[in-house]
Amino acid sequence: MNISFAFKNFEASDHLKKYARRRMEKLGRFFGKSAGLEVSVVLTVDKFRHRCEVTVSGEGLHIKATEQTTDMYAAIDLVTDKIEAQIKRQVSRVKEQRRTARNADVDVFTYNLDAQPEESQTVVGTDRFAPKPMHLDEAIMQLDSIGGEFLVFLNAENNRVNVVYRRRTAGYALIDPVL
């Protein structure tokens, strides 16, 4: 995690720099050993207003928070609490998406290979497309919006091509091929 500081309209003391760095490094516990995270901290003083702006970006994440008070240390504490709450919300969303995807129902169809093949069928046309990465719930919403029977998409969680289709009885099913 790379932390960069910018100070506007004042010269920061060493104690303030250490305090801000310590508070921002505590945010790293939510991400583990992620080296691809950038944290930008801008501390500004305008007369009696002390403002702290923090931007966390990297790994598909962009979180920004601003807080201002009459004390710079209090502003740092408040903005750190805001960032922490946003990170916790983001992590819980990802966990919930994984949990719902894991519990998705999949139908398995069996075929009788000994049966006589019917007349041969020819391929009339070919469609080519580049599937965009999306989560299962987004794919279901997309399927509902286009009103089709099935949707081929690139699963953002496991980077595999999946098919979600509308079941005849009720609900949806997912085809997730494992190669």
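**Figure 1. Welcome to the whole chain, a predicted model.** Starting at the N terminus, the elements of the protein chain run β-α-β-β-β-α-β-α-β-β-β. That comes to three helices and eight strands, where helices (H or I, at least four residues) and strands (E, at least two) are DSSP runs, numbered from the N terminus. Of the 179 residues of the protein chain, 28% count as buried; buried means under 20% relative accessible area, exposed over 50%, and partly exposed in between (1.4 Å probe, protein chains only). Among contacts (heavy atoms within 4.5 Å) between residues at least 6 apart in sequence, 38% join residues at least 24 apart. A note on conventions: residues are numbered from 1 along each chain as its sequence is written, and side-chain values use heavy atoms, with hydrogens and water left out. Since you are looking at a predicted model, local features need pLDDT of at least 70 and side-chain atom pairs count only at pLDDT 80 or more, while totals for chains, interfaces and linings use all residues.

**Figure 2. An open sheet of four strands in the order β1-β2-β3-β4.** Here the pairing is mixed; two strands pair if DSSP finds at least two bridges between them. β1 (2–8) and β4 stand at the edges with a single partner strand each, so one side of each is left without a neighbour in the sheet. From one strand to the next, the twist averages 10°, with axes taken as lines fitted to C-alpha atoms (for helices over the stretch in contact) and angles running from 0 to 180 degrees between N-to-C directions. Look for the antiparallel pair β3 and β4, joined over nine bridges; there, H50 has T69 in β4 as its bridge partner. Two helices pack on this sheet. α1 touches β1, β2 and β3, and its direction makes about 140° with that of β1. α2 touches β2, β3 and β4, and its direction makes about 150° with that of β4.

**Figure 3. Helices α1 and α2 side by side.** The two axes come within 10 Å and cross at roughly 10°. That makes α1 roughly parallel to α2, given that angles under 35 degrees count as roughly parallel, over 145 as roughly antiparallel, 65 to 115 as roughly perpendicular and the rest as oblique. On the α1 side you can find H15, L16, Y19, A20, R23 and M24, which meet M72, Y73, I76, D77, V79, T80 and D81 in α2. The residues of this contact divide into eight nonpolar, two polar and three charged. In that count, Ala, Val, Leu, Ile, Met, Phe, Trp, Tyr, Cys and Pro are nonpolar, Asp, Glu, Lys and Arg are charged, and the others, Gly among them, are polar.

**Figure 4. The largest nonpolar core, with 25 residues.** A nonpolar core is a set of buried Ala, Val, Leu, Ile, Met, Phe, Trp, Tyr and Cys residues joined through side-chain atoms within 4.5 Å. M24, V41, C52, V54, V56, I76 and I83 have the most contacts inside this one. Two or more residues come from each of α1 (14–25), β2 (38–46), β3 (49–58), β4 (61–69) and α2 (72–102), and α2 gives the most, with six residues. Zoom in on I76: not counting residues up to four places away in sequence, I76 touches L16, Y19, A20, R23, M24, L43 and C52. A second, separate core of nine residues includes M134, L136, V164 and L174.

**Figure 5. A second open sheet, in the order β5-β6-β7-β8.** This four-stranded sheet also has mixed pairing. β5 (133–134) and β8 stand at the edges, each with a single partner strand, so one side of each is left without a neighbour in the sheet. β5 runs parallel to β6 (residues 150–155), joined by two bridges, and M134 stands opposite N155 in β6. β7 (residues 161–166) and β8 (residues 172–175) pair in the antiparallel sense over four bridges. These two strands form a hairpin with five residues between them, and G171 in the turn has a positive phi of about 90°.

Figure 6. R166 is partly exposed, with a relative accessible area of 27%, and its bridge partner in β8 is Y172. Leaving aside neighbours within four places in sequence, R166 is in contact with L143, D144, G147, G148, E149, G171 and Y172. R166 and I140 are 26 residues apart in sequence and 9.0 Å apart in space, C-alpha to C-alpha.

Figure 7. With a relative accessible area of 22%, Q97 is partly exposed. Setting aside neighbours within four places in sequence, Q97 is in contact with H135, D137 and E157.
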